[in-house]
Amino acid sequence: MSADCIFCKIANGEIPAKTIYEDADFRVILDIAPGTPGHALILPKSHGEDLFSLDDAVLQKVFPLAKRVAKAIMKATGAKGCNIVQNNGEVAGQTVHHFHVHIIPRFGTEGNIVSWNPSGYADGEMEVLQEKMVKELNG
């Protein structure tokens, strides 16, 4: 736990929140500034600034929990779908530097709240990136 991290304080019960699930590793709360009604955050109780600094043992539990929570949120809200979003770094939209996962129910009426402008690659650029990424992943 980080003494100056607001999400650590929420995850560990020092700051009240609308909790919808809790276990030894996580607290799941309703977001106070939701994209849609039912928008929730999965907060690990252990501190890691982002995906790259969170312990792998905790990360292994995140998506099974996200699946369980998303199903419950969709059933409770009547949502037709959901976005599961996790941002790393300010340029990617991370505003609180404590790893967390957004589960945003989608109803089909809210417009595009998670978007990007599709682009493309210059000739040969995709192949060069592919080669670099394969090398990074395989040593």
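Me: In S5, what is the bridge partner of glycine 81?
Reply: Arginine 106 is the partner of glycine 81. Strand S4 (residues 81-85) pairs with S5 in the antiparallel sense over five bridges; strands (E, at least two residues) and helices (H or I, at least four) are DSSP runs numbered from the N terminus, and pairing takes at least two DSSP bridges between two strands.
Me: And how many bridges join S3 to S5?
Reply: Three, with S3 (residues 40-44) and S5 running antiparallel. Leucine 41 has histidine 102 as its bridge partner in S5.
Me: Before I go on, what kind of model is this?
Reply: It's predicted: local features need pLDDT of at least 70, side-chain atom pairs count only at pLDDT 80 or more, and totals for chains, interfaces and linings use all residues. Residues are numbered from 1 along each chain as its sequence is written, and side-chain values use heavy atoms, leaving out hydrogens and water.
Me: Why is S5 largely enclosed by the rest of the structure?
Reply: Because six of the six residues of S5 (residues 101-106) are buried, meaning under 20% relative accessible area with a 1.4 Å probe, protein chains only. Val101, Ile103 and Pro105 point one way, and His102, Ile104 and Arg106 the other.
Me: New topic: which residues have the most contacts inside the largest nonpolar core?
Reply: Ile42 and Ile103, in a core of 16 residues. Such a core is a set of buried Ala, Val, Leu, Ile, Met, Phe, Trp, Tyr and Cys residues joined through side-chain atoms within 4.5 Å. H2 gives the largest share, eight residues.

Key. Buried < 20%, exposed > 50% of the residue type's maximum accessible area, 1.4 Å probe, protein only.
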